[in-house]
Amino acid sequence: MASQQLTLILPAFSAVVANPINQSFLPQSLKILMKRGTFIESEDRFFQQLLSLFSEETRYWDDFPMARLRGGTEFSLCVDPCYLQADRDQLLLFHHGLDISMDEAEQLIASIQYLFDDLGASLSINTANQWLLSMPIEPDIELTCVDKVDRHTVTEFLPKGADARLWIRLWNEIQMVLFDCPVNQAREAQGKVPINSVWFWGKEKMPDEWQTWSHVSGQDETLKQLSHYSGSEWLENIDHFTDIQAKHALHLAHFDPDKDWSTQMEVLDKNWLTPIYRALKRFQLDSVNIVIPEWGTYHLTPTSAWKIWL
């Protein structure tokens, strides 16, 4: 394999590396790479980290162009289902891991669609937990990416701008409708949290400048769309490090924290981490960046891979 640069994204891995007990699940190869690499700490969450790999100018944005990436127009918004939890005098928002079925999503959207009728807007479903609002005009509001709000209090992240009061009122009306929704009554009877709110976001414009990759792969629709918009080369069914032939490659290694960790770690080690470590030591890789959202990035070169005293 010709010399190359590789960026490997490990989403949802912060839950593993941030907990000393969970670190026992890490493959030995990853422990070595982390120990010998130069670490740059970062609290950037997944969407922010992913988008910044394609456009550095987006690193400090509060919102992202997710509506466009989901196939919307410049007037579209993301309206994603959430769970709001009262915590004393504050509201905490949860979006990821809510386990929503398509049938539930369809019923929830049907129950709140009429609230958007006066705006001439219509809701549609991308996935069960990703909804899109199509509008005839662009609202004058500033929004915040759901990733930045997830697991935080919502107060400081509410819409801002000339139309903010309208959208905050609409947000409250949606909560009142969802409170009595049969879908949520059924969810609570099953021991699940209700889908008692939504979050407006994703109206940011596309970046002016893009980073182009000669190889992009991984099981993630947002990654695929970013590859398309940036003019990068998207490849399907890349399961092993040796499948990458490009000199400037980006791969996302899927990890599901709700599934068996040991099995996933074994596959990750066999297909990616150990081959990457060997390639570095053989000077077949110029550099490697291992990106863990909400944790940081480990940068390695062949020289750092040979720091056997670490």
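Biologist: What is the handedness of the crossing of H5 and H7?
Modeller: The crossing of H5 and H7 is right-handed. Keep in mind that this is a predicted model.

Biologist: Which residues make the contact?
Modeller: H5 brings Leu108, Ser111 and Ile112. H7 brings Ile174, Val177 and Leu178. By type, the contact has 5 nonpolar residues, 1 polar and no charged.

Biologist: At what angle do the axes of H5 and H7 cross?
Modeller: Roughly 125°, and the axes come within 10 Å. H5 covers residues 102-112 and H7 covers 164-179. The two helices are therefore oblique to each other.

Biologist: OK, sheets. What is the strand order in the open sheet of 6 strands?
Modeller: The order is S2-S12-S11-S1-S10-S9, and the pairing is mixed.

Biologist: Which strands stand at the edges?
Modeller: S2 (38-41) and S9 (215-218). Each has a single partner strand, so one side of each lacks a neighbour in the sheet.

Biologist: And the twist, what does it average from one strand to the next?
Modeller: It averages 15°.

Biologist: Do S1 and S10 pair in the parallel or the antiparallel sense?
Modeller: Parallel, over 5 bridges. S1 is residues 5-9 and S10 is residues 248-252. Leucine 6 stands opposite alanine 249 of S10.

Biologist: Which strands does H10 lie across?
Modeller: S1, S10, S11 and S12. H10 runs at about 155° to S1.

Biologist: Where does H10 bend?
Modeller: At aspartate 269, by about 50°. The helix spans residues 261-281. After H10 comes phenylalanine 283, with a positive phi near 60°.

Biologist: What about H2, which strands does that helix lie across?
Modeller: H2, residues 28-36, lies across S2, S11 (287-292) and S12 (296-300). Its angle to S12 is about 85°.

Biologist: Switching to the hairpin of S3 and S4. How many residues sit between the strands?
Modeller: There are 2. Arginine 88 takes a positive phi there, near 60°. S3 (77-87) and S4 (90-94) are antiparallel, with 5 bridges. Alanine 86 has leucine 91 of S4 as its bridge partner.

Biologist: How many bridges join S4 to S7?
Modeller: 2 bridges, and S4 and S7 run antiparallel. S7 is residues 152-153. Leucine 93 stands opposite histidine 152 in S7.

Conventions:
Residues numbered from 1 in each chain as written. Predicted model: local features only at pLDDT ≥ 70, side-chain atom pairs only at ≥ 80, totals over all residues. Heavy atoms only, no water. Axes fitted to C-alpha atoms, helices over the stretch in contact; angles between N-to-C directions. Helix = DSSP H or I, 4+ residues; strand = E, 2+ residues; numbered from the N terminus. Parallel < 35°, antiparallel > 145°, perpendicular 65-115°, else oblique. Left-handed = near helix turned anticlockwise from the far one by under 90°. Contact = heavy atoms within 4.5 Å. Nonpolar A, V, L, I, M, F, W, Y, C, P; charged D, E, K, R; others polar. Bend = angle between axes of the 7 residues up to and from the residue. Pairing = 2+ DSSP bridges.
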